[in-house]
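Here is a briefing on one protein model. Please keep the sequence and the structure in view while reading.

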Amino acid sequence: MHLQQLFYLLEVGKTHSISQAAENLFITQPTLSIAISNLEKELGCTLLNRTKSGVYPTEAGKKAICIASEITSKIGELERLGELESKEFGINVFSIPSLNSGFLQEALIRFHQLCPSAQVNVFEEKPPIALACYMKEIAHLEHPHYYGILAATSELIHSIHKRTKIDIESYLLREDEMCCLIGASSPLANADTITIEQFLEYPLIQYQFMPHSSNPFYKDAVILEEYDAIFKQGKTCLTVASLDVLKQLVANNIGISAMPKSMLHGDENFMQGKIKILPFEDFYVPLEYYLIHPKNYVLTDTEKTFIDVIQKVFEK
């Protein structure tokens with residue numbers, strides 16, 4: 001018997017559906033069915049009745065689910081006990097390039113100064129791949145010290161809870177918007193704002209947020225379709241997958257671009273005046289950045305410090 005089988009049984013008990021449970025657990029239906037069947041063989045009894053209206057626990061199944069819930073809960077308590085007593089543990093962060101290059105970089109420096117022994121692992125992915133990876137990691141609550149610092153919405157955060165059945169704590173870090181990035185030597189350098197019509201007159205440099213794929217979170221992502229639609233109307237001279245490359249190209253007046261304003265936080269080209277921000281007069285894409293983590297476990301003092309530092313840096 002494996003703990004994984006107990007997590008699987010609990011998920012089927014919640015959803016009453018093999019297909020939905022498999023989707024929530026990020027595994028295939030055959031894998032889930034085989035795991036449950038093996039558990040039934042080991043226990044010598046039938047745990048689930050498969051009917052046309054769904055999958056429901058037998059009397060033995062109800063008792064098994066109750067016991068499994070107690071066991072997994074105790075395992076979580078045991079893991080947290082060790083973590084709370086440990087002087088060193090890892091905080092794992094899933095984030096996106098536009099935040100890593102500025103706000104998060106500053107926050108990690110401050111956090112390291114306060115907690116030099118704490119290990120922080122940062123995983124960078126483009127939206128919405130970062131969200132999908134984060135959800136996969138927290139699906140079983142085996143790794144509670146996983147944080148997401150992502151562009152999101154309250155609806156998107158609710159979908160995480162719905163898909164994983166895990167309560168999510170969320171902190172709105174700041175609001176942002178798409179703006180126009182131009183070089184200091186651009187003809188637009190003396191302007192205070194820009195219209196879409198003016199924007200489309202110049203060579204455009206587009207950032208490739210993510211490759212086209214069947215990723216299930218693409219349609220839910222904060223990277224709105226309006227962004228791609230703008231560049232399709234104009235003359236895109238370059239498409240790049242690196243923010244550093246994009247900023248260097250803009251600074252050298254190769255073209256102009258549209259990106260979230262926050263990506264320029266702490267950027268040398270911006271601080272030296274080589275890149276200028278122009279708000280759009282007739283194009284508004286609101287963005288929100290959230291810090292999220294699984295809710296129902298005890299935060300260590302180090303984690304509380306981490307959250308506090310993140311919030312203070314993003315409040316700038």
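Helices here are DSSP runs of H or I with at least four residues, numbered from the N terminus. By that count, E59 and K62 both fall in helix α4, residues 59-85. They sit 3 residues apart, about one turn of the helix. The model is a predicted one.

**Salt bridges**

- The whole structure holds 4 salt bridges.
- In general, side chains of opposite charge can pair when their charged atoms come close.
- E59 and K62 join their side chains in one of these bridges, at 3.5 Å from N to O.
- E59 is exposed, at 55% relative accessible area. K62 is partly exposed, at 46%.
- E106 pairs with R110, and their closest N and O atoms are 3.0 Å apart.
- Both E106 and R110 belong to helix α6 (residues 103-114), where 4 residues, or about one helical turn, separate them.
- An α-helix has 3.6 residues a turn, so residues three or four places apart point the same way.
- E106 counts as buried because its relative accessibility is 19%, and the cut-off for buried is under 20%. R110 is partly exposed, with a relative accessible area of 35%.
- D267 and K247 form a salt bridge with an N to O distance of 3.2 Å.
- D267 is in the loop between β9 (257-260) and α12 (268-271), while K247 is in helix α11 (residues 243-251), so this pair ties together parts 20 residues apart in sequence.
- Both D267 and K247 are buried.

**Nonpolar cores**

- The largest nonpolar core has 75 residues. Those touching the most other members are I149, L181, F199, M259 and I310.
- Strand β6 (residues 168-183) contributes the most to this core, with 8 residues.
- Which residues does L181 contact, leaving aside neighbours within four places in sequence? They are L246, V250, I256, S257, M259, M263, L264, I275 and K276.
- Another core of 19 residues lies apart from the largest one. Its members include L6, A21, L32 and L47.

**Helix α8**

- Helix α8 spans residues 154-164, and its buried residues are L156, I157, S159, I160 and T164.
- Why do they share one side of α8? They lie on the same side because they cover an arc of only 150° around the axis.
- Exposed residues E155, H158 and K162 are on the face of α8 turned away from the buried side.

**Packing of α7 and α8**

- Two packed helices are described by the angle between their axes and the distance between the axes.
- For α7 and α8, the angle is about 35° and the axes are 11 Å apart.
- Their crossing is right-handed.
- From α7, the residues in contact are L131, M135 and I138. From α8, they are L156, S159, I160, R163 and T164.
- Of those α8 residues, L156, S159, I160 and T164 are also on the buried list for the helix.

How values were computed. Residues are numbered from 1 along each chain as its sequence is written. This is a predicted model: local features need pLDDT of at least 70, side-chain atom pairs count only at pLDDT 80 or more; totals for chains, interfaces and linings use all residues. Side-chain values use heavy atoms; hydrogens and water are left out. A nonpolar core is a set of buried Ala, Val, Leu, Ile, Met, Phe, Trp, Tyr and Cys residues joined through side-chain atoms within 4.5 Å. Buried means under 20% relative accessible area, exposed over 50%, partly exposed in between (1.4 Å probe, protein chains only). Helices (H or I, at least four residues) and strands (E, at least two) are DSSP runs, numbered from the N terminus. Contact means heavy atoms within 4.5 Å. The arc is that of the directions from the helix axis to the C-beta atoms. Axes are lines fitted to C-alpha atoms, for helices over the stretch in contact, and angles run from 0 to 180 degrees between N-to-C directions. A crossing is left-handed if the near helix is turned anticlockwise from the far one by less than a right angle, and right-handed if clockwise.
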